[in-house]
Each structure stands twice: as structure tokens, then as C-alpha cells.
Amino acid sequence: MAKIIKINNLFVRYFGSDKPVLKGLSLEVEEGEFVLLVGKTGSGKSTLLNVINGVIPNIISATVKGSISVADRDPRKTPVHEMATIVGTVYQVPESQIFSLIVDDDVAFGLENRAIDPEEMRRRVVESLSLVNLLHKMRHPTFLLSGGEKQRLVIAGVLAVKPRILILDEPTSMLDSVGAEQIFGLVKKLNDEGLTIIMSEHRVERVVGMVDRIIGLKDGTIYIDDEPHKAVAKDLSKLGVEEPQVTTLYRLINRDANYYPISVEEFMEIGAASRLDVIERRRDTSSDPVISVNNVHFTYPGSTQEVLKGVDLTINDGEVVSIIGPNGSGKSTLMYLLSGIYRPSSGSIRIFDYDSTRLVGRDRVRLIGYVFQDPDQMLLSSTVKGELEFTLQLAGIRGREAEDRIKRITNYLGINDLLNQSPHKLSVGQRRLVSVAAVLVAEPKILILDEPTRGLDNAMSVALMDLLLTIREERGMTLIMVTHNMRQVGEYSDKAFVMYDGRVVYGGTPEDVFEESHKHPEWGISPPQVFEVSRRIGKPTASIRRVRVNAA
Amino acid sequence: MLLSQLLYNPAVNWTITLVILFYGPVLVVYLIFKLIGFQGYMSLFRFIEGKSVIYRMDPRVKILLSIIVTTVAAITIWWISAIMFVAIMSLYALLSNIKEKLKVAVPLILASFIGTAWTESIFAPYSYLHIIFHSVTFLYVFPQSLAVLGITQGTGTFYVPYLGYVNNPVGLTWQGIIYGLQITFRAVAAIASGLLLIFSTPPSDILRSLEKSGLPIELGFTLLLAVSSVPKVLENSMIVLNSLKARGVDFRPRSKNPLVFIRESLFIIKVVIMALVGIVILTLRDARQIAIAADIRAFRAYRKRTYYRDIRMSRMDYIVLVLLIALLIAGIYISGLPGMGAVPYNP
């Protein structure tokens, strides 16, 4: 096979920065290969991808040294739009890559710009849309598509100019699990048809089985470059990247192998499962309910479509509860109702001993906090301190007490040196911590988190979740998480509730929920590997932390 | 006697005056936000395919239709606008999914109807009313000091029901109401024709046809981006407001103590400004990404552009075009007939 990408001794330094992001990186990719690029936030993944498509240095200024050849061209010397006919690029946020209001118009946009003959153009639009399985939505408004559909539309627009390489920079980080699966399936199909793929992605466990090769970046150089089974042997967690749970399990048994399983099937074949033992889940002594939702129906004002169709739910004091289910099933709406943003159309919600609709203003703020999905949706003040003071003002806490609380919470979260900075200038991880602090400072008894780790890399996610769990332990909070990350559900929650089509269709321990999800593919839940493995040895557990190894 | 004492008791007088002064803007805002809402705005951009004549027409002809209707409405007497308005509304029958469209169109048209009627009826200059209607009847008189706002003020002595004779009264006149209602037909004829264009033409076709008629592509693209970012901006606004509500912000001042009420109101204003900043940041943070994505897709890379959809005038388009030109000529002619034009003083 011919090498389609040849990079030798690549150095990249952004304009205005004194440290290079990539330091002497060398890399060759064969035509038709599927490469997974992993590494912490800031390790240089996006930089590498943007060098290959020529966006660096043609659009984003940077000094680029070394030799680069992509399909025998130097991307530095080729206009970006010409490179795009060789290298198609898909970025994180689908909305900022869609320009039209109607699906087929958007695919046509790039072709119109390239003055492609109208007949040919219409043929290619149909062809690209059928490749991504969106032909049936050809005349659909783009903004009404689901996240997964939007990203597929972006891919269609990229494919319409027939590139030989497809670059995807964390294409699923804004999508739910159903949307992510759609993208992974599509990318695999395109690779099978001969397209070269380079994808950076945090959900390693989901994609590791389909790639030919894993490249791990650390501090601007290549730290791992191998086929998946050997690559995972080098311990991806050192790169701040999640590794497949079966790899972790096998490492418990055999520390020094150079070839590790990456799928449940491989793990079972090795026959190592019999060495595993599972500590029983501690059945909590029952505590009092803090939230009870009774037959709640809800329709948004001005809409005729009922979003919640009779929700029943009880959450007990001190529990960690996950709310899961596909997008559009009503999860966020239910959280809006719990936090008092909207009132139920019918039915009742009781929070502690209060009727939810009577609970307003500071009384509510002191009982329930809600951390939104995207920190930028919450951080509105000009300094971090101002943000925390704003919450305290609304909670009616002033003076000494307010000062103390700010000190306490920022020490806890390790952000006390950021108090006078603007939240908008902080990194993704820091912004997330500030948004959590802005809610926790009111010391609510119940904390709702919407996708708490979205957009964070594995290392940051684990740190944040551990921190939240510690705070809960010490302060006795009830935690409610809306999440698509099933590893998190298994690892951290006492209970999980599945929402589907406006109802809570199932509730129980994560193990019960994962077991049940096998019968309900429509829920879009794929249990973590540790559950699948432990289930086959008859000791199902959703948390890898409860797995032990028997002495041989 | 009792009624006159009641109606013109200073407190009642001010209350009625304020209600008349504010019902217009309040109702307009109410109609737009409550009846149409976010969902309604979305459906403005949710073009739904149709098969009737109106969908097959060249977008340029439809653009011309709304321009000519607006022009003719502006230069002729009010009932010509009323006829055009009725005619255009009957064209709505050609739209598919008519119910959903009327749900947006009716409140919008009603809002502009009320808005225009309100401004024109209490703010019509007395001299206009006098010239048009010869005699002016005051129905209700406001406190004299409001003359500074530009509310209709009669010159001379007028008989006002339940009050008697008043010198230079300031207030609501019967002729003002008629004048206001007449003027509104102009506004609604223009709005109805504009909505007809939006409902029957995919937004990108409107742009393609504007580009074909010589609009610079950069401008077209900016418009396209602006239009397609509306749903996202609305969504962001809703989320930011919800996040504030979740933190305990109450967007309605509730206190009965006037001082606290004012303090609460000021706080809400401050929060709304904060929210606006947040919405702008959310909307703009992807700007660079959008620029990169546009470059990758060869935007402005080549001089020549082709069009995904054929925008070509059919025979029917030419027929409609001839009719439109006839309408324009007729409009200009009528406007010149005595008493049929909009200027100088015909409503």
C-alpha cells in the first residue's frame, strides 16, 4: 500500500506563543488505514490534524517546520479549499459547519462554490446523502435534525467533493450515545470502502475494535504508535485517555503482557474471566425520599406536543442517581421541572416536604442546584468571584458567611487562584469547575448535573467525578446526573432511571438497568465492558472498582 | 353627572389614559411572544414543500410581488391596500400546511395591525384629521400635560361627552381611530405579501435568486448565516434564561412595596444584560470555526459559481410579472386621481 501521508520531524509553534505544540513528530499513514488519535486535551491532536488539512498555517497562524506530504502535496503551499478535495475535515460542533437551512442545500454549498456542473452536483448531493443515510431527509430543515444527523450531514458535505482522506476531530463529543454510534458505524463503513480515516476521539472503548492503529500523543510527540492490542499494553491511562475496561481487567491478572484484549469476546477467549471475583454491591439501608415525582405530565408553553407523559420517580436522600436514555426522551425537561424552571402541566413534584411549585426564590436555591451542560450557558459574570457572589446574593447569603463560603468551595475545587480572572478566559476544565462552584456555593442539598463531563478528557472527567463524590460523602448531598456515559453510570451511581418517550420506563441498580437494556435496543444503552464480562461469569457488576482477582 | 365624575376623577383619568397609552405596545409584545413563541419563530424558517402554483413561481417574481404591493399600498388610498390585503390572504389558500402557517401569520399580522392602529390613532396630528374629516370628535380626554408626547390635540373648543366643553383637548378621537385603522391596511398588505414569500420559498432559493439578480455573494452569505443562526440564538437564549432561573432569578418583580419593586426591577434589568452578554458569547464563540469550515468548503475560492437549483422564469412567471407591472401602473395612475392618493392628506 502506498503511503498517503508522510510527515517528518514536524515542529509547530502557534503565533504569539513561545513553546511549540508539536516537537519533532514523524508519522506515515498508508492509504486505506483507519488511525485513532488519542491524547489529553492540549496534547497536540487538533494541531496535527489541522496541519494535515492545511488549516495550519493557512488560516490559523503558526510556524510550521519539517516536511509534510499529503498525497504528494505540501498542505502549506496548497490553498485550503484545494486540500479539501484530498482531505475532508469534520470538527466537533456540527452547527458551526452547517450553512444552510435545508439538508440538500447544505451538501450543495461546497459544490456551488466550486462551480460544479448542476447536473453532476445534483447527482453528488444524492450520492453523498445516501452514503450517510440521510436521503430520506433531503428537504428537511437542518436545525431540526438530531445531533447525530447533523454530524452525518457535515460528513456528507465533506464527502461530496470526493476526498481520499477523512479527518475527524472529536466528531462525537457533542453527541449522545445514539448519535455517536451512528457516526462510528458510518466512519467504519467509509473506511471499508477504501477511505483513509484519521480520527481523534475520547471514547476509546467504543472505537478501539474498528481501527487499524492507535497513535497516542504526549507533550507534542508520539508516545504510542501501534496496532490496538499492543498499543493498549502501554497503558493509555498514562496519556489521560480511557482504556478499554477489559484491558484494565486483564492488567489486574497479567501485568506484563505485550498483547492485551480490547473486546469482551477476546477477553472471554483468553479464559481469564474465571480468575475474577466481584464484591457485592452494598445494599443501602433505605433512607427517606427527598424527591418524589407523581404522574407528571408536561407540555412546553406554546407547543402542542407533550414531552413528559406521566413520569413517576422517587429519589432517596444521599443517593447518586443517573438519568439515562436517548436524546429527546425528556431527561432535560424533567430536570427543568425538578429545578423549578417550569411547572408540571399536571401531577405533582415533592421536594423534601415541600410542594415543588410553592418552593421559590432563595428557599429553592438552598435546596436544589443545577449545573448546566455547557459552562458557558451559566458563566455570565466578569470574574469568577462575581459569579459565586451572584449565586450567594440570590440565596440571600451576605457578609462574613458569603466570604467564608467562597473560600471554602474554591479551596475544595482547587480554583482559589482563579477568583479574579474572567471565567471566559479559562480552560474547558477550569470553566467546568467554576460552573460547579457557582452552584455548590449555595450548599444545596440536591445537586443536578447535566452531562457533567462532556467535553472533558478522561483524566479531567475522573478527577471531577471523584471530587463530586467526595463532597457528597462529606456533606451528605443527593446527586442526580443526566449522562450518556455508561461507564460513569456503572462506576458512580447507586441507581439509574431510564427515560424513553416521555416516561421513566425502568429504574434500578445500574446492573439491573444494563441487564434490562439487552432487551431494549431502542434505549440506546450499551453497557460497559466490565458488566458484560462479569455477567458472563454470573457475578454481574457495573463498576470495575468492585472487581478483584483470585490468587492463582 | 355621576359618570362624568367617575370618568374624570384624576386617578381614574390617569389610569384610563395609561391603559390607552400602553395597550398597543403591550399587546404587540404579548401577541408576538405568547401566541407565536419560540416554536412559531422556528416555523417561520421551517419551509415545507408544496406543489401549488405559488411554490413553482420564480422567487424573484415573489420578491417583486411584495415590493410592488408595498409600493402601491404606500401611494394609494387605504381601501386599495385593503383590497390587496384580502387578495393576498386568499393566495394563502395555495400554501400547504396552511394551519401551521396561519398560526404564525395571523398573530404577526394582528400585531402589526394593533401596533399601527395604536400609533396612528392617538398620535395622528389634529391638522391631518381636520383636513381629512373636516370635523373631529373627541371621545375621551387625557390629562393636558400629555400633549408633549405628541398625542392628538385639538385647536379651539370641543364638546366632549360626559365632560362638557374643553379648550384645546388632548385625547382619543373618533376620527383618529378611523384614520389609524385605514393606515394599518397598508402595513398589513406589505407584511402579508412578505410572509407569503417566506412561506412559499426555501430561504436558500431566495438567496440564490438575489445573488442571480446581482446581490454580492458575501452579502448573501452573511444574510444566510444570520438567518440560519436564528434558531441557534433562540435556543441559546432560552437555555441561558433557564440557567438563571435555576439559580433562583425571578424575572418578575413581585414586591408590593414600591421601593423594593424598583430595586427588584433594576436587579432584573442587570440580570437581563448579563444574560445578553452570555448569549452573545455563546453565539460568537464558534465564529472562527465557522470561518474555517467556510474556507474548507471553498467559499469565495472561485469567481464562478453554479447553482444547485435552476432558477428560471417560466411562462407563468412572465404572466404574473405582466400582471404585477399592470398593478404598479394602475397604482401610480390611481394615486394621481383626485382624492385617491395617499399624499398629501389622504390616509
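I counted a residue as buried if 20 or more other C-beta atoms lie within 10 Å of its own, as exposed if 12 or fewer do, and as partly exposed in between, with C-beta atoms placed from the backbone. I took helices (H or I, at least four residues) and strands (E, at least two) as DSSP runs numbered from the N terminus.

The model is predicted: local features need pLDDT of at least 70, side-chain atom pairs count only at pLDDT 80 or more, and totals for chains, interfaces and linings use all residues. Residues are numbered from 1 along each chain as its sequence is written, and chains are lettered from A and ligands numbered from 1 in the order in which they are written.

**Entry 1: strand E13 of chain A**

I looked up the burial of strand E13(A), residues 320-324, and found it mostly covered, with five of its five residues buried. In a regular strand the side chains alternate between the two faces of the sheet.

I then looked up the partners of E13(A), where two strands pair if DSSP finds at least two bridges between them. Strand E18(A), residues 478-482, pairs with E13(A) in the parallel sense over four bridges. In that pairing Val320(A) stands opposite Leu479(A). Strand E19(A), residues 495-500, is also joined to E13(A) by four bridges in the parallel sense. Here Ile323(A) stands opposite Phe497(A).

**Entry 2: a six-stranded sheet of chain A**

I traced an open sheet with mixed pairing in the order E5-E6-E7-E3-E8-E9 of chain A. Its edge strands, E5 (87-90) and E9 (221-226) of chain A, each pair on one side only.

E5(A) pairs in the parallel sense with strand E6(A), residues 165-169, over four bridges. Val87(A) stands opposite Ile165(A) of E6(A). Helix H7(A), residues 177-192, packs on the sheet and touches strand E3 (34-38), E6 and strand E7 (196-200) of chain A. The direction of H7(A) makes about 150° with that of E7(A).

**Entry 3: backbone geometry in chain A**

I searched for particular backbone angles. The peptide bond from Ile56(A) to Pro57(A) is cis, with omega near 5°. Pro57(A) belongs to helix H2(A), residues 55-58.

Asn133(A) has a positive phi, near 60°, and is not a glycine. It sits in the loop between helix H5 (118-131) and helix H6 (147-159) of chain A. I found 15 other C-beta atoms within 10 Å of Asn133(A), which is therefore partly exposed.

Glu170(A), also not a glycine, has a positive phi of about 45°. Its place is the loop between E6 and H7 of chain A. Is Glu170(A) buried or exposed? Glu170(A) counts as buried because it has 22 C-beta neighbours inside 10 Å.

**Entry 4: helices H10 and H20 of chain A**

Helix H10(A), residues 245-253, and helix H20(A), residues 529-536, pack at an angle of about 60°, with their axes 8 Å apart. H10(A) and H20(A) are therefore oblique to each other; angles under 35 degrees count as roughly parallel, over 145 as roughly antiparallel, 65 to 115 as roughly perpendicular and the rest as oblique.

I counted two residues as in contact if their C-beta atoms, placed from the backbone, lie within 7 Å. H10(A) contributes Gln245(A), Val246(A) and Leu249(A), and H20(A) contributes Gln529(A), Val530(A) and Val533(A). By class, four of these residues are nonpolar, two are polar and none is charged. Ala, Val, Leu, Ile, Met, Phe, Trp, Tyr, Cys and Pro count as nonpolar, Asp, Glu, Lys and Arg as charged, and the others, Gly among them, as polar.

**Entry 5: domains and the chain contact**

I took domain bounds from an automatic or database domain assignment. For chain A it gives domain 1 (3-242) and domain 2 (289-508). Their centres, taken over C-alpha atoms, are separated by 34 Å.

Between chains, the contact takes 55 residues from chain A and 52 residues from chain B. H4(A) gives the largest share of the chain A side, six residues.

How values were computed:
Axes are lines fitted to C-alpha atoms, for helices over the stretch in contact, and angles run from 0 to 180 degrees between N-to-C directions.
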